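Colleague: I would like a close look at one part of this model, the aromatic side chains and what surrounds them. Please take it step by step.

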Amino acid sequence: MRVPLRAVVYVIFLSCLGVASVAYAATQAAFPASKEVLLFVIFAITAVLSEVYATWVPAYKWDISSAIAICLAALFTLGPSLAVLLVFASSLVSELLLRSGQGKKQRATVIVQIAFNVSQLVIAITVAGFVLQLAGHPALNLLHAVDYGLAIAAFVAYFATNLSLVTGVISLTERKPFWSALIGSMRQFVVQYLVLCVSALLLAVLYIFSVWHIFLAIFPLALVHISFRSYLKLQTEARHTFEKISELLDA
């Protein structure tokens, strides 16, 4: 499917913002300690796997991934600069892996898709990090109530930015009203995003004890993700079976 020109211009604009965000984060990032490097690698690998094995939900026509929890946890623990670099690297790698099998005829469309998906994630985490920087808490230790309030504010900023950017490209591509589509998306995904926010907070709290404690949250998160994928796969196969039976009975 050919991408409309107005959507291409929109993606180019977001790409410029994304590149600027990454460039600024690179200049502001301090040299990380060995503990932070290890956490960065763990989060990057987990985020890539989460995106590559994202779950397609037919009812919403949307991929649901636990990578959002990883990105927010990186923001809370590593700070805005390293979080932006992590989101950029992990999303770019996962997009290249996901799109590698598509044909050359669709190359232009694939480039637009990769540029949009990476840019909107980078911009969303940048906006969330900007909220923390404005409050004077670029990294949260989650030991006081104010830290949790800032974490929720950053989550709301990420949630609103992410859905707004995605709804924007859908509105331009499919000519759907922006505000009605945005409100509908928020109603559909608010519960899923809240669960991922709680998971991010859990990862950040466990990091206070040690970097290895975060696996206490990553493993259950992975198991829930795998179970959800298996359930949806079984549900889809059952629906297809009933559809075939109905077709045979009609015949």
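By what part of a helical turn, or how many turns, are phenylalanine 155 and phenylalanine 159 separated in helix 6?

Modeller: This is a predicted model, and what follows should be read as such. Phenylalanine 155 and phenylalanine 159 are four residues apart in helix 6, which spans residues 145-174, so about one helical turn separates them. Both phenylalanine 155 and phenylalanine 159 are buried.

Now the rings themselves. A pair of aromatic rings is described by two things, the distance of the centres and the angle of the planes. Searching the whole structure gives three aromatic pairs. In one of them, the ring centres of phenylalanine 155 and phenylalanine 159 are 6.0 Å apart and the planes meet at 20 degrees. Planes under 30 degrees apart count as stacked, so this pair is stacked.

Phenylalanine 159 also pairs with tyrosine 193. Here the distance is 4.8 Å centre to centre and the angle between the planes is 65 degrees, which makes the pair edge-to-face. Phenylalanine 159 belongs to helix 6, whereas tyrosine 193 belongs to helix 7 (residues 178-209), so this pair ties together parts that lie 34 residues apart in sequence. Like phenylalanine 159, tyrosine 193 is buried. Taken together, Phe155, Phe159 and Tyr193 make up one aromatic cluster.

Another ring has a charge for a neighbour. The charged end of lysine 35 sits over the ring of tyrosine 207, at 4.7 Å from the ring centre.

For the setting, the chain contains eight helices and two strands. Along the sequence their order is α-α-β-β-α-α-α-α-α-α. Of its 251 residues, 42% count as buried. Among contacts between residues at least 6 apart in sequence, 75% join residues at least 24 apart.

Two packed helices are described by the angle between their axes and the distance between the axes. Helix 2 (residues 34-52) packs with helix 3 (residues 67-78) at an angle of about 165 degrees, and their axes are 8 Å apart. Angles over 145 degrees count as roughly antiparallel, and helix 2 and helix 3 are therefore roughly antiparallel to each other. The crossing of helix 2 past helix 3 is left-handed. On the helix 2 side, the residues making the contact include Leu39, Phe40, Phe43 and Ala47. On the helix 3 side, Ile70, Ala73, Ala74 and Leu78 are among them.

Key. Residues numbered from 1 in each chain as written. Predicted model: local features only at pLDDT ≥ 70, side-chain atom pairs only at ≥ 80, totals over all residues. Heavy atoms only, no water. Phe/Tyr/Trp six-rings, centres within 6.5 Å; stacked < 30°, edge-to-face > 60°. Buried < 20%, exposed > 50% of the residue type's maximum accessible area, 1.4 Å probe, protein only. Lys NZ or Arg CZ within 6 Å of the ring centre and 35° of its normal. Axes fitted to C-alpha atoms, helices over the stretch in contact; angles between N-to-C directions. Parallel < 35°, antiparallel > 145°, perpendicular 65-115°, else oblique. Left-handed = near helix turned anticlockwise from the far one by under 90°. Contact = heavy atoms within 4.5 Å.
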